[in-house]
Amino acid sequence: MSIKIMDENFAGINIGESGYSLMEKFLVRRFHPRKIILDLIGFVWAVYFLWLKQWQSSLLCVLTFSLLGLYFTRNVNLEEMGDTTLGKLGLLHTHPMNFALNILGLFPLAVGIWRHFPEYIIIGFSIVLLGHFFGWSKFNRNYK
């Protein structure tokens, strides 16, 4: 007897059989053009509210637009999306150093926006961008 923890259509998002881990599926979907646009809108509003020191509104913007992006990409074929340039760019974020630096850079970035410290904002963005040095072999073997 086996227990089925998740079905293939979890929260309206197809996570059925494919060669991707859950993290890879999330990142491939995150790099769909619709999701990118909605995440950028959410980011701009989040920065605005964070600048005004309204962290609850900022968090609400990030979550709302992120969930909208997931909703509008729920029927994307992940295998086909993973073969596109944007899908491959999403997969490079699965490299541990890339992922760690992206998360780590968000802290000084958020503090810089909250406290109006341009140096922290620049440091945060620099750390996030340095993370993109890693993982390019997933995009193309020639980038090792």
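Tutor: Let us start with exposure: a residue is buried under 20% relative accessible area, exposed over 50% and partly exposed in between (1.4 Å probe, protein chains only). The model is a predicted one, in which local features need pLDDT of at least 70, side-chain atom pairs count only at pLDDT 80 or more, and totals for chains, interfaces and linings use all residues. Residues are numbered from 1 along each chain as its sequence is written, and side-chain values use heavy atoms, with hydrogens and water left out.

Student: Is Y120 buried, partly exposed or exposed?

Tutor: The relative accessibility of Y120 is 38%. Buried residues lie under 20% and exposed ones over 50%, with partly exposed in between. Y120 is therefore partly exposed.

Student: Which kind of aromatic pair do F117 and Y120 form?

Tutor: Rings of Phe, Tyr and Trp (its six-membered ring) pair if their centres lie within 6.5 Å; planes under 30 degrees apart count as stacked, over 60 as edge-to-face and the rest as tilted. The structure holds five aromatic pairs. For F117 and Y120 the centres are 5.4 Å apart and the planes make 65 degrees, so the pair is edge-to-face.

Student: What pattern does the protein follow along the sequence?

Tutor: Helices (H or I, at least four residues) and strands (E, at least two) are DSSP runs, numbered from the N terminus. The protein has seven helices and two strands. Read along the sequence, the pattern is β-β-α-α-α-α-α-α-α.

Student: Where is H93 placed, and which residues does H93 touch?

Tutor: H93 is in the loop between α5 (85–91) and α6 (96–115). With a relative accessible area of 9%, H93 is buried. Contact means heavy atoms within 4.5 Å. Not counting residues up to four places away in sequence, H93 touches L27, F31, N98, F99, N102 and H132.

Student: How far apart along helix α2 are K35 and D39, and how far apart are their closest N and O atoms?

Tutor: A salt bridge is a side-chain nitrogen of Lys or Arg within 4 Å of a carboxyl oxygen of Asp or Glu, and a search of the whole structure finds one. K35 is buried at 1% relative accessible area, whereas D39 is partly exposed at 22%. Because K35 and D39 are four residues apart in helix α2 (residues 33–51), they are separated by about one helical turn. Their closest N and O atoms are 2.9 Å apart.

Student: What share of the residues of the protein counts as buried?

Tutor: The protein has 144 residues. Those with under 20% relative accessible area count as buried. Their share is 31%.
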